[in-house]
Amino acid sequence: MVAWEITRRCNLACVHCRASSERGPYPGELTTEEGLRLLDDIAAFSRPVIILTGGEPLLREDVYDLAAYGTKKGLRMVLATNGTLVTEDAARRMIGAGLQRVSISLDGADAASHDAFRCVPGAFAGAMAGIEAMKRAGLEFQINTTITRANLAAIGRILDLAVRIGAAAHHIFLLVPTGRGREMADQAISAEEYEDTLKWFAGQEHQAPIQLKATCAPHYFRVVRQQKKLTAGDEDSGSAGVGRGGALSVGGSAPHGHPLHAMTRGCLGGSAFCFISHTGQVQPCGYLEVDCGRVRERGFEAVWKESTVFRDLRDLNRYGGKCGRCEFIRVCGGCRARAYEATGDYLAEEPLCIYEPGGSR
């Protein structure tokens, strides 16, 4: 997967925003022509999912052209939006451009909580109106939720809301304190709450009628395997679903029949995922702001294959602390962005993990 921040401009001012996005303008944004060349470069050697994100990607006038071009090149194009700018006409244009799914962020189960998180009155109503527009147009959507201390108690109600409004999936994101998120570090849940939340979410996976996925929460894949072992008595080597050297094995059918539903390993930054900023800086993810190279100078393929940072992240033997000793390293890997924020070393151990290596034996 490649998340491309096609613009940093945004019509909201969310308290957790990794990019501290505002209205802008933000100089140096990749032009339409540069964007098309970027898609050419990616498609020349791979066929990833391309996530058009921001900021708010619908503020960029050529968003439909970029999506259509990526679709034409054989890339699986999706889009992440706050939903407030989605009209039925916009939804139909998204379908026409080949977008396979759109994610809308809901961080509260009602207007008061969501609007407080998004710092704009009416954000919840706008998102719900956007969802209704997509439903009328027949565009598949999912709900994304960033979990903090402020909405932790409401996560069950948000999941219920996602089911009730017809979402195809609910993806939860555990707060990574970057950008404006640094200012709400005191709202990050504790390591113990983190573990309990992932255990609860793993339990919901067998009950919810929609697909569930935890993102920026690599421990989830350890938790799932531990719970499976407890309920089925399975022997667990900590490496199920992962090939030699930590490479993801993607054979087999995805649950719920959608290519975005495949069970993956935890932190994919630099190995099966990367982020491209509005100025063309390539990073392991949007939260790990380490410059791995710039597409204007080197091209995407060269950065992806040759970046020292990416090579470090793909070599699990280089990971430090208890992550490096953990039997679940191939399915978890720890959050590299949290490690970097806490220590300045993206190979250090994950700071929000209570598991001690060897504890599953």
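Biologist: Which residue forms a salt bridge with Arg 92, and how far apart are the closest N and O atoms?

Modeller: This is a predicted model, so every value is computed from it. The partner of Arg 92 is Glu 88, and the closest N and O atoms are 2.8 Å apart. The cut-off is 4 Å, so the pair counts as a salt bridge.

Biologist: Where do Arg 92 and Glu 88 lie?

Modeller: Both sit in helix 3, residues 88–96. They are 4 residues apart, about one turn of the helix.

Biologist: Why is Arg 92 called partly exposed?

Modeller: Its relative accessible area is 46%. Buried needs under 20%, and exposed needs over 50%. Arg 92 falls in between, so it is partly exposed. Glu 88 has 27%, so Glu 88 is partly exposed by the rule too.

Biologist: What makes Glu 140 and Arg 101 a salt bridge?

Modeller: Their closest N and O atoms are 2.9 Å apart. That is within 4 Å, so the label holds. This pair links distant parts of the chain, 39 residues apart. Glu 140 is in the loop between helix 5 and strand 5, while Arg 101 is in strand 4.

Biologist: Why is Arg 101 called buried?

Modeller: Its relative accessible area is 2%. The limit is under 20%, so Arg 101 is buried. Glu 140 has 30%, so Glu 140 counts as partly exposed.

Biologist: Are Arg 8 and Glu 5 buried or exposed?

Modeller: Arg 8 is buried, and so is Glu 5. Their side chains meet in a salt bridge at 3.0 Å, N to O. The structure holds 19 salt bridges. A network of them links Arg 9, Glu 29, Arg 60 and Asp 62.

Biologist: Why does Arg 37 count as exposed?

Modeller: Arg 37 has 53% relative accessibility. Exposed means over 50%, so Arg 37 passes. This residue lies in helix 1, residues 32–43.

Biologist: Which residues touch the most other members of the largest nonpolar core?

Modeller: The core has 99 residues, and Trp 4, Leu 52 and Phe 300 are among those with the most touching members. Helix 5 gives the largest share of this core, 7 residues. Beyond its neighbours up to four places away in sequence, Trp 4 touches residues including Leu 30, Leu 52 and Ile 276.

Biologist: How much of the protein chain is buried?

Modeller: Buried residues make up 57% of the 361 residues.

Key:
Residues numbered from 1 in each chain as written. Predicted model: local features only at pLDDT ≥ 70, side-chain atom pairs only at ≥ 80, totals over all residues. Heavy atoms only, no water. Helix = DSSP H or I, 4+ residues; strand = E, 2+ residues; numbered from the N terminus. Buried < 20%, exposed > 50% of the residue type's maximum accessible area, 1.4 Å probe, protein only. Core = buried A, V, L, I, M, F, W, Y, C linked by side-chain atoms within 4.5 Å. Contact = heavy atoms within 4.5 Å.
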